[in-house]
Amino acid sequence: MKTFKINTIYNMTWITDADRLTPFSVIARTAATLTIETMRIKKNNMRGEITRHRIKNWNGVEYVLPFGNYSMRPELSADKEVIKNASN
């Protein structure tokens, strides 16, 4: 099974715009929840909102719903790994 790893950055794609990528950094995890940080550039500082989400599984890949559950929702999945062991 493909799982989320701590200190790794993952890209989330949007169903309405496949070219738009939103990076998230995994800060912490338990067996059931994932704590992530939205990577936003603000005055030369890559800091964003820190949120916690319930981990779901689909076809052996973990995913979370950072913006809630609605019909055109984006999903952050563990198979969209960008950078391993990202430093703060």
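How many residues lie between strand 2 and strand 3 in their hairpin? Three residues lie between the two strands. The legends below describe close-up views of a predicted model.

View A. Strand 2 and strand 3 run antiparallel and are joined by five bridges. Within this pairing, V26 has I36 of strand 3 as its bridge partner. R29 faces L34, also in strand 3.

**View B. The hairpin of strand 1 and strand 2.** Strand 1 covers residues 9–14, and strand 2 covers residues 17–29. Their pairing is antiparallel, with six bridges. Two residues separate the strands in this hairpin. N11 has its bridge partner, P23, in strand 2.

View C. T35 belongs to strand 3, residues 33–38. The relative accessibility of T35 is 18%, so the residue counts as buried, the cut-off being under 20%. Beyond its neighbours within four places in sequence, T35 contacts S25, V26, I27 and A28, along with I50, T51 and R52. One of these contacts, V26, is the bridge partner of I36.

Definitions and conventions
Residues numbered from 1 in each chain as written. Predicted model: local features only at pLDDT ≥ 70, side-chain atom pairs only at ≥ 80, totals over all residues. Heavy atoms only, no water. Helix = DSSP H or I, 4+ residues; strand = E, 2+ residues; numbered from the N terminus. Buried < 20%, exposed > 50% of the residue type's maximum accessible area, 1.4 Å probe, protein only. Contact = heavy atoms within 4.5 Å. Pairing = 2+ DSSP bridges.
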